[in-house]
2 protein chains.
Amino acid sequence: MKKVTSLIIFLMLVAQFNYAQDGWRNIFNGKNLDGWKQLNGTAKYSVSDNMLIGETVLNSPNSFLCTNESFADFILEMEFKVDDKLNSGVQIRSESLPEYQNGRVHGYQVEIDPSERAWTGGIYDEARRLWLYSLERNEKGRKAFFKGQWNNVRIEAIGFSIRTWVNGIPCSNIIDDMTPKGFIGLQVHSIGSNKDLEGIKVMWKNIRIVTSGLSKYKTPDKNAILQFSYIPNSLTDREKKDGWKLLWDGKTTSGWRGAKLDKFPEGGWEIKDGILSVLESSGAESANGGDIVTVEKYANFELEADFRITDGANSGIKYFVDTELNKGAGSAIGCEFQILDDAKHPDAKLGVKGNRTLGSLYDLIPPVNTRFNGIGLWNRARIVVKGDHVEHWMNNQKVVEYERGTQMWRALVAYSKYKDWPNFGEAKEGHILFQDHGNAVSFKSIKIRKL
Amino acid sequence: MKKVTSLIIFLMLVAQFNYAQDGWRNIFNGKNLDGWKQLNGTAKYSVSDNMLIGETVLNSPNSFLCTNESFADFILEMEFKVDDKLNSGVQIRSESLPEYQNGRVHGYQVEIDPSERAWTGGIYDEARRLWLYSLERNEKGRKAFFKGQWNNVRIEAIGFSIRTWVNGIPCSNIIDDMTPKGFIGLQVHSIGSNKDLEGIKVMWKNIRIVTSGLSKYKTPDKNAILQFSYIPNSLTDREKKDGWKLLWDGKTTSGWRGAKLDKFPEGGWEIKDGILSVLESSGAESANGGDIVTVEKYANFELEADFRITDGANSGIKYFVDTELNKGAGSAIGCEFQILDDAKHPDAKLGVKGNRTLGSLYDLIPPVNTRFNGIGLWNRARIVVKGDHVEHWMNNQKVVEYERGTQMWRALVAYSKYKDWPNFGEAKEGHILFQDHGNAVSFKSIKIRKL
C-alpha cells in the first residue's frame, strides 16, 4: 500500500512538473464547472476541494460532463478516484449530434472499471462500435488500477493513434480513423433503478491537456502492448513489421476462388466500399454463390477478420479446409468458426449445449465468454493455429481453445456430424473459407500472418 | 556402428572374464546339443562354429530347445543374433507338463523382439499370463537391442526377483512367486504358413550360468527402471518405499462400503483365496450387491488393480465418484475405466466409435493400443490422476489420456450420457468404485499411492 501511495505521489509530482512546462493547461479550474456542459443523464456533478465530483442518481441514462471546447490531437492527464461499485470513463474526441441517436454522446471512452474484470484504461467506443481495446490481452494493464485510491490516467490522441496509461502502465493502443476530434467528457454511468448504488461517486482532479508541440511530449511507442487497428483493409507499420498480410485487398477477388470452382463465383457475393458481402438468397448452405476459399493453404497462422451479420443470419469461417473432400452438395469440410445470429437462427438451439452458437467450433465446442456486439455492428473474429493448438477469439475474448489430434479431440469428433470424415480437423494445412449460407453477412479487414 | 561393435566386444570380454571366475559354467558346449531336448515345435536346431542355431520351418507351433537340467536361482548370460523378421526368446524357470495344455512349454520368457515395438529384454509369461514386463514404459530399454548384430543378454533370477539386461541396459524387473524353478529354453517362434519367413534364423552362443554364491555376482538394484510385482495382495519393499498402499487387504471388507450403503453389501460380492469377486446375478447395473466404494476419497493418485472377467461380463472401475449424486437406481456417478468382454457384451457396439469398450473412459473416450489378455486371465488396470491430467493403462499400455476441466472435456461430456450431471468428472477428489454389473468379475492386488 505504501509503495502504491509513493507511486501516486511521484506521478503527481511528475504531473506538476509537466504542468510547469510550456503547453500544459488545466481544463478544469478547480473551483466551478465553467467550460463544461452536462449531456444525456441527470447525475449530479459538483466541485469541492479542487475535485470535480460525479454522483449517481436513480433512473438516469449515462451522464456526461463535457467540455465546450473540441480537441483533436492532444495529450490529456488527470487523477481519478472511483467508488468500487461504479463504472465510469473519460470520453475523448466524442460527439453529441441531433442526427445520431437524438444527441446521444458517442465516441472513444477511456474506461474506468473497478470491477473484477479490471479493464480500467481500456478503450470503449461508447454508443457506437463498443469495445475497441479491452484489457483481456493486457494482464499488466489489468493490474495498473488501484481500487479506492487516486489513480493517474494519461491519454495520447495523436493522428490515428490513441494510447492510454494508468499509473504509468501502458493499457491501450489503437489505430483508428473514425473521429478525428471532439469534446472530452466525464462519465457517470447509469445505475438504472438500483437503490444500492444511489449517491456513489467518481472524482477527478488536475485535468490537464497539451495540444501543441506534441512530439516533445509524446511517449515513444516501444510496442510494450498489443496494437489494434480499426482502419479498414489496411495494415499499420507495426502489423507489416509483425508479418501481417491482407488476406483480402478490400477491392478485388484476387487470392480467392469458389470452394468448388477454379475462379471466384459469378454471383452471390458482392464487393463494395471495402466490404465483402454474402448476398441474401435462400438461407441454404452453399447453394447460391457458394463458399469462397483462399487460393493459398495455411498451416500455422493468426487470422483476423471483421464480420457483420444481419437478422437471423448464418455464416462461418472455416480453416484446415480440404476442397477435395465433399465434392457434393453443401459446404466444404474443415473446422468452422461459427457465425450466427444466436437469437434468431434455429441452429443456435440445435447441436448440444450451445456447440453451434456464434464463436463455437461448429458442432464440437461451445464458446465461453462471448461478447457479441450485436446485429449490424462489426465484430472481430480471430483464429490462432500453432501446430495442434487452436484458439477462437471474438472481440478480443478467447471463446474456444482446443488441442486437435489428441484422443479427446478424436472422441469428440466421433460424436459430431464430422464423425465420418477421416482424421477430421487434423490436416497439417488447409484453405481458409468464408461461408455462403444464403444469408446477408459482411466481412472486411481480413488479415493473416504465418506463425 | 563402430561404437556399437566396440560395446559388444567389451561386453564379450567382460563375459569371458566372468567366465574365468569361479562358478560360471557353459550350458551349451559349442559342439553339439548334448544336455538339450526339443519340445513342442519342429524348428531346426543345429550347431556351427560354436553357435547354436535355430531355424524356422513352416506349419509348426513355437519350438523350444530346452535344458534337461532344471534351474532355480541363477544368473544367465549369452549372446544372440536374430533375423530382423523373427521373434524369439529365452525361457527360464519354465515347464512342460502333461497336465498343462498337453505338455505345452510355459513360463517366463525373456523376449527377443527385433520388431518396431522393440521389446527385447521384456518378460513374457509364455502360454500362461502373457506380458509381465513389456518395454512400453522403458524407453532406454527399447533402444538397448541392435538389429542384425550380436547382442548380450543377462538374466538374474534370484528368489522372487527376475531382472534382465540387454547389452548392459536394464530392461525388466519383476517380483513374482509363481514358478521357482524350471528349465531354460531357446525359442524359435512359429511362422505359421508364411513362406517368406521360412528358414530364417536366430543364433545363440556363450550360454553361461552361475547358480551358487549369487550374492557375489548379483547386480545391485538401483531402481533404474520400474519394478512390477505379481505377488497377490502384497507390497514389495520398493512399493512401500514409493508410497504404495494396499487399497484392499486381500481378506476383509475393511476400507470399503456399498456405494449406497454405510457398510459392505450383505451379498453379491465374495472374498475367497485372495480374490474379490462380483457374483453373477442378472447382468443388471448395481442391482444385486451393488457397487462398492472406498471409504476414503482420493484426489491425485496412481491406482492399480488386477481384474479377470468371465464370458460376456461387464464391470468397471470408477474414480472421482460422488456417492451423494444419483441416490436412485443404477451405478454411482464418476469417471469409469470400462471393464467389458468386448466380443460378447452388446455395450461394446453401442456408444460411438468404441467409447464403451474395455479400457475406454466409458461413453467418452475410446481406448487405443489395448492388449487384452483374454477371458479368464488376469489383466492389470492402472489409473493415474495428476490434477486434471488422467491416464488409463491396461497391461502396461496407455489406452486413454485426457485433460479434464478443459473446454474440449466439457464439450465431450455434453455429447455423452453424463451431459446432465453438472461439472461431470471435475471433482477435486472422489471415492474409487468397483462396479457390480451383475456379471462374474474378479479383482485382486488393488493398490494405490497418492501423488
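Arg380(B) lies over the face of Tyr230(B), 4.3 Å from the ring centre; such a charge sits over a ring if NZ of Lys or CZ of Arg is within 6 Å of the ring centre and within 35 degrees of the ring normal. The structure is a predicted model, in which local features need pLDDT of at least 70, side-chain atom pairs count only at pLDDT 80 or more, and totals for chains, interfaces and linings use all residues. Residues are numbered from 1 along each chain as its sequence is written, chains are lettered from A and ligands numbered from 1 in the order in which they are written, and side-chain values use heavy atoms, with hydrogens and water left out.

**Rings and charges**

- Arg137(B) is placed over the face of Trp393(B), at 5.1 Å from the ring centre.
- Over all chains, the whole structure holds 31 aromatic pairs. Rings of Phe, Tyr and Trp (its six-membered ring) pair if their centres lie within 6.5 Å, with planes under 30 degrees apart counted as stacked, over 60 as edge-to-face and the rest as tilted.
- Tyr298(A) and Phe301(A) make an edge-to-face pair, at 6.4 Å centre to centre and 70° between the planes. Both Tyr298(A) and Phe301(A) are buried, where buried means under 20% relative accessible area, exposed over 50% and partly exposed in between (1.4 Å probe, protein chains only).
- Because their ring centres are 6.3 Å apart and their planes stand at 70°, Phe71(B) and Phe74(B) are also an edge-to-face pair. Phe71(B) and Phe74(B) are both buried.
- One aromatic cluster consists of Tyr298(A), Phe301(A), Tyr319(A) and Phe320(A).

**Chain A as a whole**

- Chain A has five helices and 29 strands; helices (H or I, at least four residues) and strands (E, at least two) are DSSP runs, numbered from the N terminus.
- Along the principal axes, the C-alpha atoms of chain A fill a box of roughly 75 × 45 × 45 Å.
- Of the 451 residues in chain A, 57% are buried.
- Among contacts (heavy atoms within 4.5 Å) in chain A between residues at least 6 apart in sequence, 68% join residues at least 24 apart.

**Relation of the two chains**

- Chain B superposes on chain A by a rotation of 179° with 0.0 Å of shift along its axis (RMSD 0.0 Å).
- Leu412(B) has the C-alpha nearest the axis in chain B, 2.6 Å from it.
- The same surface serves both copies, as 100% of the contact residues of chain B recur in chain A.

**Helix H5 of chain A**

- Helix H5 (residues 407-415) of chain A is largely enclosed by the rest of the structure, because eight of its nine residues are buried.
- The buried residues of H5(A) include Trp409(A), Leu412(A) and Tyr415(A).
- Those buried residues pack against strands E24 (333-340) and E27 (397-403) of chain A, together with strand E27 (397-403) and helix H5 (407-415) of chain B.

**Gly41(B)**

- Gly41(B) is in the loop between strand E2 (36-40) and strand E3 (44-48) of chain B, and counts as buried at 9% relative accessibility.
- The C-alpha atoms of Gly41(B) and Ser63(B) are 3.8 Å apart, although 22 residues separate them along the chain.

Terms used: Copies are superposed by least squares on the C-alpha atoms of residues with pLDDT of at least 70 in both.
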